[in-house]
Amino acid sequence: MNPAYATVDHVFSVPLDHRATGGPSIEVFAREVADPSRSGEQLPWLLYLQGGPGGKSPRPSAGSPGWLLHALKTHRVLLLDQRGTGRSTPVTARSAARFASPDRLAAHLAHFRADAIVADAELIRRRLCGEDTPWETLGQSYGGFITLTYLSRAPEGLRACYVTGGLPGLTATADEVYARTYPRVRERVLDFYARYPDDAPRLRKIADLLAAGVVTLPDGDRLTSRRARTLGLVLGMGDGFERFHWLLDEALGPDGELTDTFRHQVMALTGFTDNPLFAVMQETLYGGQGAGPTGWAASRALAEFPEFAEDADPLLPTGEMIYPWMFREIASLRPFAEAADLLAHRTDWPPLYDPHRLAANEVPLAAAVYHDDMYVDAGLSLRTAREIGATRVWVTNEWEHDGVTASGGRVLSRLMDLAAGRA
């Protein structure tokens, strides 16, 4: 029986800082995937840009990720571990602890934004495809943010781009983003409680237990109410309601205490062991889009929404927000604490998007905007779509934020048709 995929692993040496000569280098890993029956053909390339920040590319298995089988009908796919993730010289708590000072760590981390990822991709494209052969991209969530940086910096390397749940506001500051995010999370949580009404008192019971005494996770971290509330991050995915419900369903044992199963799952879901860059770099996505620093925007915005207070009824979980306390209370983030604060107060971020170049864009861009997306504001996405040339948008409420995977090949197929003028 033939394997589902023909794969080739690639490792590239790239400069840590593409603007400097003679500086240190890092490794970037990518996995080439093809249909075994077509692996010898000269197929066009499709580069997959994973969501995040800090997420490694998916590891293919039979039928997964859902879009891959459709892509392999016509393309050779490159699954890129963006710098600092997966097998690409990973940034971890252990590697962060080796830096001599927070300033040096912060300076290092500043090279892990979308502009550097695009420079890596261009270097890889030239090596794999040739100097004059553009490729296509599929950007999921944060991968869409990277796509717009790519179109701003090196559109000559692109033949067509597909974006799913990832058109950012081109000039939106971190403050504007979180002012829009909290109301969406609130509505999502209330929808969850409407589906599972017993879970509101259950979450309150958990929070009361955590406030009454010290509860530790298997790694030794103390579990606090505010950390438990960050489990709400899962609610924006297609299976998020069920995942959160069944997690809460097994949270309390016959003795009324928190179960080992619950504590283990909370540690895994909120520990950032595999993806500390998600927390460290989250607000740097908006650096350079305002006059001042991002300054822990999600934490500042929280005060404007009293319905998220710890004594509010019902108790509301939070979403994708990152807070300063996480870098004190979560083991895998502690080595980043001072450096993350330096990044939060940095004012000289270079811009990631070029509005003038995007307005003149001629590379076909097809984007799925999820009407009820909890993570990426649909209003900002549609505003951005109007500001980019050669863009076609499909607005849908059929899928949640992970629609490109959950739909099998249907979302990607629709976007490919849009970009080619077939839909």
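A cavity here is a set of points, on a 1 Å grid over the protein atoms alone, where a 1.4 Å probe fits but cannot get out. Grid points are joined across faces, edges and corners, and a volume is the space filled by probe spheres set on the points. This is a predicted model in which local features need pLDDT of at least 70 and side-chain atom pairs count only at pLDDT 80 or more, while totals for chains, interfaces and linings use all residues. Residues are numbered from 1 along each chain as its sequence is written, and side-chain values use heavy atoms, with hydrogens and water left out.

**View 1. The second largest cavity has a volume of about 90 Å³.** Its lining residues (those with an atom within 4 Å of a point) include Trp296, Ile322 and Glu283. Helices H11 (276-281) and H14 (337-344) are the elements that each give two or more residues to this lining; helices are DSSP runs of H or I with at least four residues, numbered from the N terminus. H14 supplies the largest share, three residues. Sorted by class, the lining has seven nonpolar, three polar and one charged residues, where Ala, Val, Leu, Ile, Met, Phe, Trp, Tyr, Cys and Pro count as nonpolar, Asp, Glu, Lys and Arg as charged, and the others, Gly among them, as polar.

**View 2. The largest cavity has a volume of about 240 Å³.** Of the 22 residues lining this cavity, Phe145, Val177, Tyr286, Tyr375 and Val376 are the closest to its centre. Two or more lining residues come from each of helix H5 (142-153), helix H6 (174-195) and helix H16 (378-385), and H6 gives the most, with five. The lining divides into 13 nonpolar, six polar and three charged residues. A search of the whole structure finds five cavities of 30 Å³ or more.

**View 3. Phe272 and Phe278 form a stacked aromatic pair.** Rings of Phe, Tyr and Trp (its six-membered ring) pair if their centres lie within 6.5 Å, and planes under 30 degrees apart count as stacked. Here the centres are 6.2 Å apart, with 20° between the planes.

**View 4. Phe192, Tyr193, Tyr196, Phe241 and Phe244 form one aromatic cluster.** Across the structure there are 12 aromatic pairs.

**View 5. The charged end of Arg87 sits over the ring of Phe29.** That label needs NZ of Lys or CZ of Arg within 6 Å of the ring centre and within 35 degrees of the ring normal. Arg87 is 3.9 Å from the centre of the Phe29 ring, and Arg346 lies over the face of Trp349 at 4.3 Å from the ring centre.

Technical notes. Phe/Tyr/Trp six-rings, centres within 6.5 Å; stacked < 30°, edge-to-face > 60°. 1 Å grid on protein atoms, 1.4 Å probe; cavity = no way out; pocket = protein on both sides within 12 Å on 5 of 7 lines; lining within 4 Å.
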